[in-house]
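Work through the exercises below with the sequence and the model open. Try each task before reading its solution.

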Amino acid sequence: MDTETPAVANPGKPSSGTSSTPADILKTLPMAEVERQLGTSPEGLDQAEAAKRLIQYGPNEIAEHHQNALLKFLSYFWGPIPWMIEAAVILSAVVGHWPDFFIILVLLLANALVGWSEERQAGNAIEALRAKLAVTARVRRDGTWLTPAARDLVPGDVIRLRLGDIVPADARLLDGDEIEVDQSALTGESLPLTCAPGDPVYSGSIVRRGEIDGLVYATGANTYFGKTAELVEGAHTVSHFQKAVLKIGNYLIVLAAAFVAVIVVVSLLRHDPLLTTLQFALVLTIAAIPVAMPTVLSVTMAVGARILAAKQAVVSRLVAIEELAGVDVLCSDKTGTLTQNSLTLGDPFCTAGVTAGEVIIAGALASRADNDDPIDLAILGGLSEPDALHGYTVTGYQPFDPVSKRTEATVTANGVGTGTGNGTSTGTGQATFKVSKGAPQVMLALAVDTSAVKSAADTAVNDFAVRGYRSLGVARTGPTGDWHFLGVLPLFDPPREDAAATIATAREMGVEVKMVTGDALAIAKETAVKVGLGANILDAAGLGEVQKTESAATAESIERADGFAQVFPEHKYHIVDVLQQHGHIVGMTGDGVNDAPALKKADCGIAVSGATDAARAAAAIVLLTPGLSVIIDAIKISRRIFQRMNSYAMYRIAETLRVLLFVTLTILVFNFYPVTAIMIVMLALLNDGAILSIAYDNVRYRSKPEAWNMRLVLGIATVLGVLGPIAAFGLFFLGDRVFGLGHPQLQTMMYLMLSVAGHLTIFLTRTRGPFWSIRPARILLLAVLGTQVLATLIAVYGLFMTPLGWGWAGFVWGYAIIWALVSDRVKLIAYKFLDPAPQPKPQLQPQPLPKPQP
């Protein structure tokens, strides 16, 4: 059909020269006015008009804000550590050390490529997940029903909604029968909502019963779904991992600057040539650069991401693995996360003389399985025998009416004796009777025996309400055709089988779980008690203005609460924000679009199985299988990864300090280069190349959240970094003053000492106890042995240096091993002073990790 261009085809995005009509207005205006505003009719649009509107208003999807691939790659060259590497590249070019220039440049590029490729692969995994979730829609175009992609919908389209459909856009229902819509992904409410012609239905909700046409009035970011998802864009966090790397980089920059400044001043006082001074600066700069630090940490987290992928968990941001290790508060959505998001029948209340089986059978006869109604399915599922209804034939059925608030069925008994609900028997003479289920007050008003049962029935309904159950009254007719009240059926959303165990395990690991749900307070408390959370549930409506800073008392109540009820999307975001402001590292699980802002804001957002696109896009970890147990596995894996990164950070700082101190003091005191620039570069290549294998090392995690303790990291690293030069000066004294080695051969000896002692240091930093307390991974042993054999061969046969010989090489190895044993004892003493915390529990043993992929 031909249509005029609408005054407003998409709320919030007006046509040129017109004013906009908000979606909130279009969802309440009379249908005739909505059709006029949108320039359409119940016959829908024609293809030409739809194509025009699609160009004008864009696709029906949430816009993805992808960073330019080139800019993303270039971002890996920005920051304190890349700046140090780039400074070394420039200095190498200035003094004409082209081998150094090219080697360092390759290391810089390799670091950027590894980090960029790992994040790109994770991003591709998320895109693949979204592709699987793409939906289509039935649309009336040119008078014919078509099934284009949902992204091609435009305001003014007429769509067909049927049982099981995901509503593809915000729409107003046209003429037809009522439908029931599951909005749990939007509101967190597990019970379906009955919608009549003229009512709005929202994108992302699911049709649970009925079939009807709808008129699209909002698409894309202007839908209820899209507007909530826009909150995600306002949530930006800097990971604790990034902060730690910045602190380490700044620490090394200050060290390098201080030592280089000393060298420059002394050199000028000695009237050394400017080129020689630049060479000194080059050697120290190269020595201070943690060239492989970003690469090692990225690879370590990438290994964890692959392990989680094998457990059906996709990591979209690598830093989330490190963040998960420190999570001490886990905010968990209720519906579909702690519960099964499926109604279940509880033990019914029965009036005098009526059995529970009779109440359930009567309720089941007033239900229909083919409607796929959650309430009907729950009641039918509560039948004790599969063939319990075989003796009955339903000859008439009236579906749920929102006016009468009940369903009714006319039943033929087929000769089966049944109870009337008042204790008498119809025998076989009562061929037909009626049954009805609905709101308890409606059923009581319908019955003739209300005065006798009302008090007990009201008490039962109130009791069910306090416990978080929804109540349905059941009645049936007796021999005279009068209605008799049979009882009350309670319905509830049961907890997941693994929820209680998951919460208990999380607490054992020092993680406090808080339930965050849109359900009513009574339901939230009942669920919380069932899963072992506790009953201290706050009503989110009492949190005040979510954009304002909470008072100290309110913030404390948020910290102490076991959960929150009647929560809106802004509340979830606010709760996470308040907890973060009070020093907590917060994880958030969820599945709906209403969870997306909090998932993004949280330090580690986890989208559970079946989550919406908005939740998956906002989350850092996406679970592909039902249940929460994989989260516990992820926490264990993340804590092992944290231990590896922590030990590497100590090693890298200690080695940087070792080389800086030794080289600087040797130059100042003896006016002698202890190693050449090429030796420093070879040290970096061999040591940092082998240290990548620490990503697969065996570790023992602690039963409490991990956090970067920079005082401890810098303290232990500094102790080991000072012991190193002491050992090096001892060997230098022996070689120079006792054995009388020439300076070129002495340089080779010091190179081998720095290389061997450096790799032995990793075995000291990887354990809090003695170095033998945790067996290193085979790949780490092989990597260290391989690189040190190569370093020994280079020193013995003199590649780029004066040959040292096997005898002196053996002497260096023995000397380095003795000092490593001494350093290990000193390390234990340092731990006692810096962090007298208990050792990790012995039962938390390391698990074998997969071998690295070639």
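**Exercise 1.** At its relative accessibility, does Arg140 count as buried or exposed, and what is the value?

Solution. The model is a predicted one. Start with the cut-off: buried means under 20% relative accessible area. Arg140 has 19% relative accessibility, so Arg140 counts as buried. Next, find its partner. The side chain of Arg140 meets that of Glu43 in a salt bridge, with N to O at 3.2 Å. Then place the two residues in the chain. Arg140 sits in strand β1 (residues 138–141), and Glu43 in the loop between α2 (31–38) and α3 (47–57). They are 97 residues apart, and the pair links distant parts of the chain. Finally, check the partner's cover. Glu43 has a relative accessible area of 43%, so Glu43 is partly exposed.

**Exercise 2.** Find the partner of Lys514 in a salt bridge, and state the distance between the closest N and O atoms.

Solution. The partner is Glu512, and the closest N and O atoms are 2.9 Å apart. Now compare the cover of each residue. Lys514 counts as buried because its relative accessibility is 0%. Glu512 counts as partly exposed because its relative accessibility is 29%.

**Exercise 3.** Describe strand β5 (residues 179–182): its side-chain directions and its partner strands.

Solution. Take the side chains first. Ile179 and Val181 point one way, while Glu180 and Asp182 point the other way. All of these residues are buried. Now take the partners. Strand β6 (residues 193–195) pairs with β5 in the antiparallel sense over three bridges. In that pairing, Ile179 stands opposite Cys195. Strand β8 (residues 206–209) is also antiparallel to β5, and three bridges join them. Here Asp182 stands opposite Ile206.

**Exercise 4.** How many disulfides does a search of the whole structure find?

Solution. The search finds zero. Two cysteines can still be checked for cover. Cys195 counts as buried because its relative accessibility is 1%. Cys331 counts as buried because its relative accessibility is 0%.

**Exercise 5.** How many of the residues in helix α12 (residues 319–326) are buried?

Solution. Eight of its eight residues are buried, and the helix is mostly covered.

**Exercise 6.** Which backbone oxygen lies 2.9 Å from a polar atom of the side chain of Thr656?

Solution. Locate the residue: Thr656 is in helix α23 (residues 629–670). Check its cover: at 0% relative accessibility, Thr656 counts as buried. Then read the contact. The backbone oxygen is that of Arg652.

**Exercise 7.** Which residues make the nonpolar surface patch of about 530 Å²?

Solution. The patch is made by Leu785, Val789, Leu793, Tyr797 and Trp806. Helix α27 (residues 778–797) gives the most to the patch, with four residues. Trp806 lies in helix α28 (residues 806–834). Trp806 counts as partly exposed because its relative accessibility is 49%.

Note on methods:
Residues are numbered from 1 along each chain as its sequence is written. This is a predicted model: local features need pLDDT of at least 70, side-chain atom pairs count only at pLDDT 80 or more; totals for chains, interfaces and linings use all residues. Side-chain values use heavy atoms; hydrogens and water are left out. Buried means under 20% relative accessible area, exposed over 50%, partly exposed in between (1.4 Å probe, protein chains only). Helices (H or I, at least four residues) and strands (E, at least two) are DSSP runs, numbered from the N terminus. Two strands pair if DSSP finds at least two bridges between them. A disulfide is a pair of cysteine sulfur atoms within 2.5 Å. A polar contact is a pair of N or O atoms within 3.5 Å; within protein, one must be able to donate a hydrogen and the other to accept it, and residues adjacent in sequence count only if both atoms are side-chain atoms. Patches are made of residues with over 30% relative accessible area and no salt bridge: like charges are joined within 9 Å, nonpolar side chains (Val, Leu, Ile, Met, Phe, Trp, Tyr) within 5 Å. Accessible areas come from the Shrake-Rupley method with a 1.4 Å probe; for residues, only the protein chains shown count as cover. A salt bridge is a side-chain nitrogen of Lys or Arg within 4 Å of a carboxyl oxygen of Asp or Glu.
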